Amino acid sequence: MTSLEQRLQALGAERLRGMRRGLEKESLRAQADGKLALTPHPVALGSALTHPHITTDYSESQLELITGVHDSVETCLQQLTEIHQYTVRSLKAAGDEMLWASSMPCGLPTDETIPLGRYGSSNVGRAKSVYRMGLGHRYGRRMQTISGIHYNWSLPGVDNDGYFALIRNFRRHAFLLLALFGASPALCSSFVEGRQHELLPLGSSGSLHMPYGTSLRMGRLGYQSEAQATLDVSYNGLEGYAASLHDALTRPWPAYEAVGIRNPGGDYNQLATTLLQIENEFYGTIRPKRVIYPGERPLHALRERGVEYVEVRLMDLDPFEPIGIGAPTLRFLDVFLMHCLLSDSPPDTPDEIHELKYNQHLTAARGREPGLCLWRKGESVGLQQWGIELIDQLAPIAATLDATHGGSDHRDAVAQARASLLAPETLPSARVLAAIRQEHGDSFVGFVREQSQQIHAHLLGLPWSAKQQARFEAMAAQSFEAQRAIEAADTMPFEVYRQEYTSPARLGRHPDWSAIAPV
């Protein structure tokens, strides 16, 4: 019996049944012609500041749909579907907008006209908008319109060291998820207007692509920045990780100091001039997370109470799935994360961190290329060979999860992944390119527009009761009441609030968390 199998056996069925997950799914609102909807966040969807399940991400035009915590894949997807149903019904009632089915954006206007998320007049609401203004100055607004799916996952009894061991292995093996589930090999040329890139044209449609690309969202065109490239964050433990993040949150960055906190007219440009304004600005494929108290900084929560769950951040929207992701993918993720947790996980090194960055960018751009090789401990290894090695190691975990829950769903998901990796033309990224070429005259926007319309009609056609409608309408009304209460309770001038919230002191202990609401 291998050490992995021994650790798996030691867990026991009760702990495995304690596995929990939740989803956060971002989608742009698009017009029927495939261009970005510039309308405000629909009133029917409630307050983006306080609604528990429907908010916005970067842009006013970018919805984020959030489930609760679930003990099964089925109930998690069921709730996300229900949130989608209410959302598309609200969009239909207001006009002809739809949810864009791809991670890469629809037709975009000029950078400065992409609307920032708005959250009302409270200090916390204003801070959210100022933070987004800062992201626009630092990285451009177009980059922020990329959408994805985040998978939040936990297992009872895992301590800080266990979660960081999981994170290290996840980063080592993340290339496999990009290859298997990447679904963004092409984009609309409006996304890269004025930027240097290596993309190739698709016909004369205004679409661009990488012939063997898997996830352009996770490559050099996605969430990347020169400033963050200077961060070689170590995941060898909570203390070292927290120190790296603390440094980035308190270190002045010359280019951002040049932008300044405010412009000459007095309007805010950003929350801070440090390398990171707040913790959420740190881009990564996976994050250690903890639910925070009102007003608490996420870094403080991690330092004080440890890691509660991990947030997987590299999943593309699958345009062939009505809600962007399906049950086999989530089951594969469950098995994959268990493998990351139970396998030996040596400390990372600066050399390995650079290797992993290289592997990520190469897989994103060329992950289906025949014979493509990655780096593993200083040696070249075939992506497909390495991927199959990993998938074959998942078998005992999948079998144990099936024995715990009944059926063969986990083994089926792993078998499906193995078959797909050996037949790259069946991968989502290849299917996207094939559909663009064969059915939509080389038009990325044409393909995603039709998928989005079909998904819109599918969701509208699912059963929907008056009771469900009333429950969501009540949630929206309650969210507006909660926003008004926050606004009425504000007494602190915004500039005092901003200075207090971004103070380095808040990354340690603070006597009164309730005075400052979280951004």
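Visitor: Why does Pro 185 count as buried?

Guide: Its relative accessibility is 1%. Buried means under 20% relative accessible area, exposed over 50%, and partly exposed in between (1.4 Å probe, protein chains only). The value for Pro 185 falls under the cut-off, so Pro 185 is called buried. A word on the source: this is a predicted model, where local features need pLDDT of at least 70, side-chain atom pairs count only at pLDDT 80 or more, and totals for chains, interfaces and linings use all residues. Residues are numbered from 1 along each chain as its sequence is written, and side-chain values use heavy atoms, with hydrogens and water left out.

Visitor: Where is Pro 185, and what does it contact?

Guide: Pro 185 sits in the loop between helix 6 (160-181) and strand 6 (186-188). Helices (H or I, at least four residues) and strands (E, at least two) are DSSP runs, numbered from the N terminus. Contact means heavy atoms within 4.5 Å. Leaving aside neighbours within four places in sequence, the partners of Pro 185 include Leu 208, Met 210, Arg 368 and Val 432. Arg 431 is 246 residues away from Pro 185 in sequence, yet the C-alpha to C-alpha distance is 9.9 Å.

Visitor: What makes Pro 201 exposed?

Guide: Its relative accessible area is 55%. That is over the 50% limit, so Pro 201 is exposed. Pro 201 lies in strand 7 (residues 200-202). Pro 201 touches Ser 207, Leu 208 and His 209, not counting residues up to four places away in sequence. Ser 452 is 251 residues from Pro 201 in sequence and 23 Å from it in space, C-alpha to C-alpha.

Visitor: Why is Ala 434 called partly exposed?

Guide: Ala 434 has 26% relative accessibility.

Visitor: Why is the pair of Tyr 268 and Phe 494 called edge-to-face?

Guide: Two numbers decide it: the ring centres are 5.1 Å apart and the planes stand at 85°. Rings of Phe, Tyr and Trp (its six-membered ring) pair if their centres lie within 6.5 Å; planes under 30 degrees apart count as stacked, over 60 as edge-to-face and the rest as tilted.

Visitor: What makes the phi of Lys 377 worth a look?

Guide: Most residues other than glycine have a negative phi. Phi of Lys 377 is near 55°, a positive value. Lys 377 is found in the loop between strand 11 (373-376) and strand 12 (379-382). Lys 377 is exposed, at 75% relative accessible area. Asp 442 also has a positive phi, near 70°. Asp 442 is in the loop between helix 16 (428-439) and helix 17 (444-461), and is partly exposed at 22%.

Visitor: Which residues of helix 10 are buried, and what do they pack against?

Guide: In helix 10 (residues 298-305), Leu 299, His 300, Ala 301 and Leu 302 are buried. They pack against helix 8 (238-250) and strand 9. Just after helix 10, Gly 306 takes a positive phi of about 80°.

Visitor: How do you know that the chain agrees with a compact globule?

Guide: The rule, over C-alpha atoms, is 2.2 Å times the number of residues to the power 0.38. For 519 residues a compact globule would be near 24 Å; the chain has 22 Å, which agrees. The C-alpha trace spans about 60 × 55 × 50 Å along its principal axes. The chain holds 19 helices and 12 strands, and 59% of its residues count as buried.
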